[in-house]
Amino acid sequence: MTLDEIRVQIDAIDTQMKPLFLDRMECAKHVAEAKAEMGSDSVFVLERELSIIEKRAADVDSVLYDEYVAFLRHLMSVSRRYQYGILKDLQEKVLAAELEKAGLDENVEHHQVKIGFSCDKATSDLNLFINMTKLNKIEVDQIKLRTEDGRQKITMVLDGNIKDGSMRQLLCQIAKESEGFWIVELR
């Protein structure tokens with residue numbers, strides 16, 4: 001097969017994947033709507049996702065296993081991002097609690113949001129959190145990482161205003177999917 005023939009085949013596969021992706025996002029929308037009706041705020045259930053990944057990747061050849069798992073984890077993260085965008089009441093609840101805990105007023109003029117959170121080093125999803133900043137069109141101005149006793153402690157300075165919908169969606173997702181999340185300051 002020539003390179004051009006391979007590219008034609010890849011284009012055909014991508015064309016087939018698009019409607020499946022759109023169907024999956026439609027299902028994610030229905031999940032978010034059902035969760036909103038139930039008053040549930042558990043978009044991210046790590047044990048369920050790990051079980052799904054284990055089951056779906058079980059028969060994948062070891063040569064592509066890690067890539068397939070990364071694909072599934074990213075797809076699930078994108079799906080959750082979409083759900084957090086739909087769940088505006090959850091965003092408001094999470095951010096109001098975090099702002100109150102930090103003693104911050106979202107109405108103060110600012111152009112950056114400094115946050116902190118932690119993750120278990122062995123199971124860290126830091127790469128997905130960084131990718132979510134890009135998907136939400138939020139630029140990272142600064143990131144610091146240190147590891148203590150198997151825990152990654154991360155601080156990030158994000159360009160933008162906490163009142164922006166994309167920022168709220170991003171912060172809600174990080175807050176719900178990390179440990180020890182806090183809003184450090186509004187700059």
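Which residue forms a salt bridge with Glu148? The partner is Arg146, with the closest N and O atoms 2.8 Å apart. A salt bridge here is a side-chain nitrogen of Lys or Arg within 4 Å of a carboxyl oxygen of Asp or Glu. Glu148 is partly exposed at 33% relative accessible area, and Arg146 is partly exposed too, at 48%. (Buried means under 20% relative accessible area, exposed over 50%, and partly exposed in between, using a 1.4 Å probe and protein chains only.)

A quick word on the model: it is predicted, so local features need pLDDT of at least 70 and side-chain atom pairs count only at pLDDT 80 or more, while totals for chains, interfaces and linings use all residues. Residues are numbered from 1 along each chain as its sequence is written, and side-chain values use heavy atoms, leaving out hydrogens and water.

The count comes to 13 salt bridges. Among them, Arg80 meets Glu49 at 2.6 Å, N to O. Arg80 sits in helix α3 (residues 62-86) and Glu49 in helix α2 (residues 46-57), 31 residues apart. Helices (H or I, at least four residues) and strands (E, at least two) are DSSP runs, numbered from the N terminus. Arg80 is buried at 3%, and Glu49 is buried at 13%.

Arg151 lies in β3 and Glu179 in β4 (residues 179-186), so the pair ties together parts 28 residues apart in sequence.

Now for the loops. Asp149, between β2 and β3 (151-159), has a positive phi of about 50 degrees although it is not a glycine. Asp149 is exposed, at 80% relative accessible area.
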